[in-house]
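Here is a short report on one protein chain. Keep the structure in view as you read.

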Amino acid sequence: MARRPEASTGSGGDAHTEWDALGDTPKKMTRRETDRSFEDSEQYKAIQRLKAAGLLIDFNRQGLYHGRTAKAGERGWGVDRHYDNAGNATGHANINKIAALNVAERSVAEDYAGLRSHREGGRGELHQIQSSDPDAVVIDRHFSPSRKRNGERRTPEERRQLEMDLARTMPDLTDAVPLDFDQRTALERMKPSEFYRIAGKKPMMEQYFTAEDVAKIATQSGLAEDTVRKMCSAMNTREMLVKDPGYAARNFLIGRQQTKPDEKHPGALLSQEYFASWAQGAHVVGVSRRVKSPNIGRDFRASYLFELGKVDSAENLEAQREARWRKTGRMAMRIDRLMGRESSPRSPFQQVLRNPHATGEEIVGAAKKVADFGRIFEADSGVKEGYTLEEHTETVIRNFDENYADKIPTKLVPLMHLALLVHDIGKPEAAAKGEKSNQKVYNDRESRRFMRKVGVGPRTIELVTGMIGHAQELTTKGYVRGDKGAQAELDGFCMQMLEQLGMPNPTAEDASGLRDLCLMIQSCDSAAYTTMARTRDTKTGVTYRNKGSFNGTFMPPTGQNKRDIRMRGLTSWIWD
């Protein structure tokens, strides 16, 4: 784990004195670095057992390097989200053209750096590659469910425990592989579990769906063939991950449109999207495999990294961490103390809110139990897509949790969850009264009413309403529409909010940190109307990808399951 950055404020003077005045600086800064067992205790325990069994290998503890050639005039190097071993003269072809990076022990990387510099010219160099996720693991491609690494057979009890642990890590079907927006109501006719009956197969018996099965199911159910194929492929992948995870990893890396007749499971349809969603939940950033290299005349074990948004050189990760801490570290401590002092004795809602691992569903569920707000969250939000306020709010919080919650100081997560929860809370009433153009007035009134009900103090209320009110008008003008004047006004408004909050001598870096939090709200809200976002239908529990109305506001997603959000106007943002 990288060390906590020193207390540099960027404004000169005695930085340590400013930090010392804060009292006990937290040893663990981000949500990733807090106890992951709070996130999902059963899944957490299952992942620990899968590590002990040898399926999952801690990534950051291996000391892995990438050997490369520095081009003439090149200054600095980092892992690019689009990095593709198949197209950059490294010689590591990848059938699926997945953006990926190969890393190995230092001596192997040194050999490759020397080989490449000899062939390509330039200077060979090494970079230790780490993950920003302390829980990052790679899956052992050669893992056997029936035998241990020493060749000893697993007992029937050990195999059952292995399958049970793998099953605990599996995401829900449509949560992992969302339906398309136009097909969001398709599964109301028939649940995917019924597909087995039509195809004459049994689940968890390694009887996988084929293209012929898909055609038969589509005909008998009346569902679109694309929807049936998506669900069948996801169910196949889920079962293969539970029964033979090493083989499933191999298929993710070297999948084919049609499997060969002599394959282990002929004709089985597989879903890379389901595999990627499972990997994200299990903190898997790549696959470890044995390699025979004629180029350097060595056999070795390499890790093939495909979750490139979560890995980089050790020096880049440290620099990024320090930059983020300078912007938000002091503010996080101040705001956490303020919220703690101002809050009334913790109500059930406050207890949920203070848990940084609480999901959008849990947060909205707790909010619905407050006074008459259940009715408000269940109301139509007044948008053409037909989302209720509950569905939209869950989606926005999910966007934040998947893209930013593990990057900001953990003490800021409750504040952001609260702001996202109430950012549109007046929208149903404004829509019902035909005053959507004036919804900011309703949002301000209803958000204040809600926060007072749950015991949020006056200064925190002013901060939140400022972030979701005037600041959002300025982020829209400044960063969606490109108005430079609005960008400057937003910086000034953020400084004003910090001064009103009572932060002594806030710096420009403090203000830009608060501005970044406001931009996260804008990004997560706007992205709720893109195909990167997923919405859970609260009536059926089915998850679907949203309509791509605002896709043009964002960069094309680069994550394996296409859910990462990056606004076009923030291409050099330190939070990407």
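D213 sits in helix α7, which spans residues 211–221. Helices here are DSSP runs of H or I with at least four residues, strands are runs of E with at least two, and both are numbered from the N terminus. The model is predicted: local features need pLDDT of at least 70, side-chain atom pairs count only at pLDDT 80 or more, and totals for chains, interfaces and linings use all residues. Residues are numbered from 1 along each chain as its sequence is written, and side-chain values use heavy atoms, without hydrogens or water.

Is D213 buried or exposed? D213 counts as buried because its relative accessibility is 10%. Buried means under 20% relative accessible area, exposed over 50%, and partly exposed in between, with a 1.4 Å probe and protein chains only. Leaving out residues up to four places away in sequence, D213 touches A199, K201 and Y208. A contact means heavy atoms within 4.5 Å.

Now turn to helix α2. Its buried residues are Q43, A46, I47, L50 and K51. They lie on the same side of α2, because they cover an arc of only 145 degrees around the axis. That arc is taken from the directions from the helix axis to the C-beta atoms.

Just after α2, G54 takes a positive phi of about 100 degrees.

Finally, the whole chain. It has 22 helices and ten strands. Of its 576 residues, 55% are buried.
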